[in-house]
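Biologist: Could you walk me through this one? I am new to it and would like to start with the ligand.

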Amino acid sequence: MPEARDATPYDALLLLSFGGPEGPDDVVPFLENVTRGRGIPTERLKEVGSHYFLFGGVSPINAQNRALLQALREDFADHGLDLPVYWGNRNWAPYLTDTLREMTADGRRRVLVLTTSAYASYSGCRQYRENLAESLAALEAEGLVPPRIDKLRHYFNHEGFVEPMTEGVLASLADLPDEVRDGAHIAFTTHSIPTAAADTSGPAEDHGDGGAYVRQHLEVARLIADAVTARTGVEHPWQLVYQSRSGAPHIPWLEPDICDHLEERRAAGVPAVVMAPIGFVSDHMEVLYDLDTEATARAAELGLPVRRSATVGADPRFAAAVRDLVVERAAVERGLTVTPCALGALGPSHNVCPAGCCPARNPRPAAAGADSPYA
Ligand SMILES: CC1=C(CCC(=O)O)c2cc3nc(cc4[nH]c(cc5[nH]c(cc1n2)c(C)c5CCC(=O)O)c(CCC(=O)O)c4C)C(CCC(=O)O)=C3C
Ligand SMILES: [Fe+2]
């Protein structure tokens, strides 16, 4: 980790997230924003809308991003890192374009972006880069000169991301009844995506066989499982499984689904399961509905004790990891040699997405990468 608390040449950090509805009237317009031009069946949209209505039309994601924003500001202030932090979303207020307009008005010229997605994939990386390009184009059309934008590298294997989740799994195991704890299976979960998108995730050399998306998740699962064994002396069997599938049924998505997996593990005689949502940065709707509501009800029907472990959310260790990533990248941009933090075997992810990284089905301009039309 570079010692200097120096973010030069950057003059701001932008937290870029998904956004979510904040009341019943927001749900339908929010879903329209999410699904514009993506061909999601109406039935699926009604179903997902009902998940939000079950929680009063409020997604927890915005409150969680506000908490993360606060944790980042506190961490930066406590460690003498003088860098303002802004927040903008893809699908709901505060909208990315509005935030970038404000940053331009504040005189920010060199911005670093943190997305609330730790892994490579079209949905978790390039789509955010496309959103940035759209917003930059919109501001230019207003006659403004927006800042130059870079994106932080994927942080799935950063210790400040892995450690709080390891602790979460340990807490879930401790919370299980004594007689089933040592035999518990760990189901690491992430968002299902089309297998075609998984196979082309990450840079071209990672394509095929689930791509960088599956490989990065398998690595985080292994790191957590090994750390759990190191702490408890018990080797828990584990598997990477998927959740929150959408899209048309005839298109293959990553499987198995968590609910089918619970059923299959139950039939195999597993006494308990910890569901660890390593694919997500906070306890948003995917976690509260798909795991805490749907999968937990399925487990109850099966008579299978389950616990769901915590995501990193606004954990101070995650905020410290972001500071580390900012200082590291700033040093790289200044031409210094750094030792990036990366647990496990995959090594630190690239700083700049190469051309052809997580390609879109319908190519659109994307900022903050080697193929960016912006400086
Ligand atoms: C990889 C991935 C992440 C993790 C990385 C990241 O965090 O970015 C993620 C996160 C999230 N996804 C979210 C919500 C939704 N995702 C949808 C649809 C889709 N997600 C996809 C992938 C991902 N999604 C895909 C391939 C689709 C199909 C349509 C398309 O190709 O775009 C839909 C439409 C309805 C449906 O079909 O489910 C909704 C409402 C929320 C907000 C939750 C809240 O409100 O608390 C969050 C954090
Ligand atoms: Fe999603």
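Modeller: Gladly! Domain 1 (12-155 + 314-333) and domain 2 (159-308), with bounds from an automatic or database domain assignment, both give residues to the shell around ligand 1, so the ligand lies between them. This is a predicted model, where local features need pLDDT of at least 70 and side-chain atom pairs count only at pLDDT 80 or more, while totals for chains, interfaces and linings use all residues. Residues are numbered from 1 along each chain as its sequence is written, and chains are lettered from A and ligands numbered from 1 in the order in which they are written.

Biologist: Which helix gives the largest share of the shell around ligand 1?

Modeller: Helices here are DSSP runs (H or I, at least four residues; strands are E, at least two), numbered from the N terminus. Helices α1 (27-35), α2 (42-54), α5 (122-141) and α11 (285-302) each supply at least two shell residues. The largest share, 3 residues, comes from α1.

Biologist: What is the bridge partner of V111 in β4?

Modeller: Strand β3 (residues 110-115) runs parallel to β4, and 4 bridges join them. In β4, V111 is partnered by I149.

Key. Pairing = 2+ DSSP bridges.
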